[in-house]
Amino acid sequence: MTVADAQTFVPDLKVMDADPAADDAALARLAGWAVRRYSPIVSPDPPDGILIDSTGCEHLFGGEPTMLADMHASLSQGGIAVRAAVADTPGAAYAVARILADPIRIVGQGGTEQALRPLPVTALRLPQEVAAGLFDLGFREIGQVLDSPRSALAVRFGTVIGQKLAWALGATPELVAPYVPENLPRQRLVFAEPLASPASLERAARDLTKQIATDLERRAMGARCLDLLFERVDNTIQAIRVGLAQASRNPDHLMRLLHGRLETIDPGFGIDAASLIAAQVEPLPSQQIASVLSDIVPESDMSELVDRLSCLPAVRQVIRFAPVESDLPQRSVQRLQALAPPAGQTWPAWPRPARLIDPPELITAIPPDAPNMFVWRGHAHRICKRDGPERIHGEWWQSPREVAATCDYYRVEDETGAQFWIVHSSDAWHVQGLFG
């Protein structure tokens, strides 16, 4: 309706002039943020969406539910109303995010058609005149379109309905053109003949790594995240993302990280082009290289080791343990990032087990007051050596319940030589840790 008619219904209606250019720019900035945070393949989906190919990236957030929850929380904190969905295809994700997500929704693998059937036909991203024509013919839901002969619809509306259905159901792949912010360092190679062999992909990756290292050096920057994109001849993209613990532009180190992931690339019928993008960069000034005749030994850099460990298939995160100022074992250790600065605390001088069990596991002590044997996890252990007790009081400043709490710890050894840290508290015995 017109603005005048609308204001008769809502007298205090706020009216603002549309600014499509500013909307597109804002959507591009949002896509750039998603590239740095979630996936190397992100595409703006005007007027109000972004499309993210999260294949191979969801594990970095602990799975798809955690990733979607992070998206919702981050955008909501920025004042953006958001609904997000994960599905097997871009078309299905588009439809579910706009119709079913409240605020997030995950369509399980193989459940695309079942999720799409009850949705309105407008969720297929059809041209307005085609959607209006389907509505005039009595089509309200996608399921009705799926159950109708495609040939009859093609005669009236052309191939657009069949194409949208094929994209939504995954019958044919839908090209997602990745968005690359202009200010990010990027290098691209186009090949005269499609590449398919692992050796040729490795050579392309090595050439790109050298080029982007030179670009980063010119900018006095270092990469914290690299995205390697392979464009296949079938218009699909295979992507690799590697992260770095510290900014680097060492081409050999960057190539080692990428090399470990190249085996995940499926070239299909061939690779037409490849791009290497530094999705996250930080200032990295030039460093003076010491002479080979100098007696100065460079300080050991653990960041490259951390990077290589992080890229192993079974590794989600590399961390280190640091001491905490607390006598209670379960509070005396904290997890930090591998390259986090020292916490300022030192480990206690008295012996502590290499492996702590939290929470402690109940054992049966025989006899209960001064055990010579205990049963743990269904196995009996006869105590041959004993050291203790070491009495540790509760931390009264943490909780009133700990004011009078005490625990007696013993280091014991069984007949096999295994050493345990057992604790007696409140008339019960537990295993707290294992030595060696």
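## Two loops with positive phi

Arg-377 sits in the loop that links S12 to strand S13 (379-393); helices (H or I, at least four residues) and strands (E, at least two) are DSSP runs, numbered from the N terminus. The phi angle of Arg-377 is near 55°, a positive value in a residue other than glycine. Asn-235, in the loop between S6 and S7, has a phi near 70°, again positive in a residue other than glycine.

Some background for reading on: this is a predicted model, in which local features need pLDDT of at least 70 and side-chain atom pairs count only at pLDDT 80 or more, while totals for chains, interfaces and linings use all residues. Residues are numbered from 1 along each chain as its sequence is written, and side-chain values use heavy atoms, with hydrogens and water left out.

## Two cis prolines

The bond from Pro-46 to Pro-47 is a cis peptide bond, with omega near 5°. Pro-47 belongs to the loop between strand S1 (41-45) and strand S2 (49-53).

From Ile-366 to Pro-367 the peptide bond is cis as well, here with omega near -10°. You will find Pro-367 in the loop between strand S11 (355-366) and strand S12 (373-376).

## Cysteines without a partner

How many disulfides does the structure hold? It holds zero, taking a disulfide as a pair of cysteine sulfur atoms within 2.5 Å. Cys-57 is in no disulfide, and the nearest cysteine sulfur, that of Cys-225, is 8.7 Å away. That distance is too far for a bond.

Is Cys-57 buried or exposed? Cys-57 counts as buried because its relative accessibility is 5%; buried means under 20% relative accessible area, exposed over 50%, and partly exposed in between (1.4 Å probe, protein chains only). Cys-225 also counts as buried, at 5% relative accessibility.

## Helix H11 and its neighbours

In helix H11 (residues 251-259), the buried residues are His-253, Leu-254, Met-255, Leu-257 and Leu-258. They pack against helix H10 (198-219), strand S6 (221-232), strand S7 (237-248), strand S8 (271-283) and helix H12 (303-310), where contact means heavy atoms within 4.5 Å.

At the start of H11, a side-chain oxygen of Asn-250 comes to within 3.1 Å of the backbone nitrogen of Asp-252.

## The N-terminal end

Met-1 lies in the segment before helix H1 (3-9). With a relative accessibility of 78%, Met-1 counts as exposed.

Key
A polar contact is a pair of N or O atoms within 3.5 Å; within protein, one must be able to donate a hydrogen and the other to accept it, and residues adjacent in sequence count only if both atoms are side-chain atoms.
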